[in-house]
Amino acid sequence: MTTLISLTNVQLAYGHHPLLDHTELAVQPKERIGLIGRNGAGKSSLLKILDGRVIPDDGEVMRLGGLKVATVEQEPDLDESLTVFEELCGDVNESEDWARPARAQALISELNLRADAPIAGLSGGMRKRVALARALADEPDLLLLDEPTNHLDFTGIDWLEQRLLNAKCSVIVVTHDRRFLDVVTTRIVELDRGQLLSFPGNFTFWQQRKTEWLEAERQQSAKFDKVLAQEEVWIRKGIEARRTRNEGRVRRLEQLRIERRARRERVGNVNLAIAEGQRSGKLVAELKHVSFSYGSQPLVHDLSTTILRKDRIGLVGPNGVGKTTLIRIILGKLQPNQGEVRLGTNLTIGYFDQMRSQLDEDATVADTISPGSEWVEIGNQRKHIMSYLEDFLFSPARAKSPVSSLSGGERARLVLARLFARPTNVLVMDEPTNDLDIETLELLEELLQEYTGTVLVVSHDREFLNNVVTQTLAAEGGGRWQEYVGGYDEWLAQRPSGQDAAVLPSTPGTTSTQRTSPHNTPAGEKAGDTPPARAKPGKAARITSWEQRELDEIPETIAGLEARQHELTETLANGSLYRDAPDEIVRINHELTELEEKMAELFARWEALEAKQGN
């Protein structure tokens with residue numbers, strides 16, 4: 001198999017901070033790689049090396065001759081003077097790609113875009129769709145996506161998942177969307193302390209492997225530190241010991257010290273805590289027959305609902321349907337055209353704005369949190385502003401920097417720090433997951449689960465909704481809103497069957513159109529197979545003696561297959577294998593597929609024999 005692009009011993013640093021430290025990576029045809037890591041770890045910089053925008057400080061980048069790379073950045077750079085069609089077509093005469101206009105028109109139809117719409121007037125979600133369509137119209141060999149689900153609604157995310165699953169190109173995607181990673185990826189590559197760690201499979205499989213890997217690293221570090229401590233004690237013994245000390249042992253100690261200095265510790269987690277305000281009344285808001293329209297467009301029609309203290313409500317629906325407008329109505333910030341809104345007592349509201357418009361670009365990070373004061377009150381605890389900002393991974397030097405110098409991830413953390421530093425009993429969070437790394441996102445979920453106030457969330461992160469909200473308020477067209485118990489998956493299960501199934505995937509990991517990727521096909525079924533007709537019940541047969549022997553042997557056979565599967569996945573975790581022996585990768589993946597099929601057959605047979613045994 002021909003490698004599309006490979007990195008060998010690549011180094012990249014900004015100042016004294018190495019983002020890539022003798023890094024190795026190889027990308028094979030039709031791979032779909034999820035690139036994950038902490039905010040600021042260097043993921044976007046790695047994408048820029050791959051597409052040639054950045055030259056590494058050292059090391060080698062090898063590209064296949066004629067390799068065509070397309071990149072979609074977090075905030076797409078589009079030509080404001082063009083229409084959507086013109087942006088997608090580019091300069092056809094220059095490229096001599098006469099089929100491109102037809103591809104562009106097909107993508108415009110798929111995404112329900114207006115071909116003649118000016119780029120200058122598009123929303124963030126529409127701009128992201130145009131950028132994705134433009135990259136796909138390029139028909140690249142390698143597609144690089146930096147946070148592609150930001151600003152997309154569920155329909156857009158589902159469309160992108162299907163497109164990537166059926167893509168002929170290789171894909172590297174940087175995203176915090178865990179469900180998206182589970183559906184799309186065939187390999188997870190984590191950028192951690194300058195190194196790229198490769199794990200075959202999707203995000204869920206990576207989580208299992210990473211837990212084991214971190215525990216092994218912890219044990220190895222503890223063993224190293226114990227040896228170092230013993231050697232330090234020995235070297236500091238009395239004069240007699242020093243006179244007879246072994247020079248080889250001294251040199252070994254010096255080497256241990258060098259290795260210890262070189263070992264880069266994992267960056268600590270964000271330490272989140274909310275300054276909870278005075279308890280609100282039991283009633284937060286009551287809406288009776290509320291309607292609201294902008295001109296002839298109804299955003300809310302005859303909505304009646306009651307929100308109580310401790311409710312965690314997720315508002316879901318396509319972009320532009322009126323989710324933010326409804327929140328403003330619920331909180332009394334916007335008067336409805338019809339109906340009544342009654343607010344509860346003692347409401348103290350904290351607001352997380354997806355556009356981060358609350359931030360003063362000229363203010364320092366510290367002044368944004370606590371202007372004119374060096375202290376922050378968190379509940380009954382008084383913390384110095386520098387200590388508080390360190391909880392959000394801002395160093396003292398960074399705390400004195402202006403907001404304008406912050407990255408997207410740092411801005412998201414700053415908004416959270418500011419929000420949580422002020423007493424609240426109602427939290428409104430508009431797309432809070434954008435720009436957060438996965439570990440910070442999971443900590444935010446835990447915090448919101450423990451929060452004793454009320455939470456209103458607008459989000460297109462399906463796992464976040466599942467893990468945080470207790471009820472869902474869903475837009476169903478024509479200004480109609482419907483309440484459902486539970487999060488995203490529960491909403492899908494409860495939606496009326498008459499609604500358009502093409503809008504959203506019907507179950508996690510699948511879409512309205514059955515996907516044919518082997519990574520998303522249920523065990524035991526081959527892509528494209530239809531379930532066999534259910535046999536009519538007949539007279540139950542008893543298990544025979546030879547079937548009983550077969551049944552007794554199945555668990556041991558499966559255990560052997562699982563051991564082999566584990567051995568093969570361990571081999572695939574070696575990142576250099578993708579560069580040095582791509583043919584071996586193909587052979588191992590083929591054997592893994594055969595093992596999965598065999599185990600599926602055995603599990604089905606086991607179930608059938610056990611059912612027969614029980615007759």
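The dialogue below goes through several features of this predicted model, one at a time.

Colleague: Before reading any geometry, what are the mean pLDDT of the chain and the share of residues that reach 70 or more?

Modeller: The pLDDT is the predictor's confidence in each residue, from 0 to 100; its mean over the chain is 80, and 79% of the residues reach 70 or more. Because this is a predicted model, local features need pLDDT of at least 70 and side-chain atom pairs count only at pLDDT 80 or more, while totals for chains, interfaces and linings use all residues. Residues are numbered from 1 along each chain as its sequence is written, and side-chain values use heavy atoms, with hydrogens and water left out.

Colleague: How should I read a strand, and which residues of S3 point each way?

Modeller: In a regular strand the side chains alternate between the two faces of the sheet. In strand S3 (residues 32-36), Arg-32, Gly-34 and Ile-36 point one way and Ile-33 and Leu-35 the other. Five of the five residues of S3 are buried, where buried means under 20% relative accessible area, exposed over 50% and partly exposed in between, with a 1.4 Å probe and protein chains only.

Colleague: Which strands pair with S3, and in what sense?

Modeller: Strands of a sheet pair through backbone hydrogen bonds, either parallel or antiparallel. Two strands pair if DSSP finds at least two bridges between them; S3 pairs in the parallel sense with S7 over four bridges, and with strand S8 (residues 187-192) in the parallel sense over four bridges. Arg-32 stands opposite Val-171 in S7, and Ile-36 opposite Glu-190 in S8.

Colleague: Why is one side of S14 and of S20 left without a neighbour in the sheet?

Modeller: These strands belong to an open sheet of six strands with mixed pairing, in the order S14-S17-S18-S12-S19-S20. Strand S14 (349-352) and strand S20 (481-485) stand at the edges, each with a single partner strand, so one side of each has no neighbour in the sheet. Within this order, strand S17 (residues 426-430) and strand S18 (residues 454-458) pair in the parallel sense over five bridges, and Val-428 has Leu-456 in S18 as its bridge partner.

Colleague: How do I describe two packed helices, and what is the angle between H4 and H5?

Modeller: Two packed helices are described by the angle between their axes and the distance between the axes. Helix H4 (residues 100-110) and helix H5 (residues 124-137) pack at about 145°, with their axes 10 Å apart; axes are lines fitted to C-alpha atoms, for helices over the stretch in contact, and angles run from 0 to 180 degrees between N-to-C directions. Arg-100, Arg-103 and Leu-107 of H4 make the contact with Ala-133, Arg-134, Leu-136 and Ala-137 of H5.

Definitions and conventions
Contact = heavy atoms within 4.5 Å.
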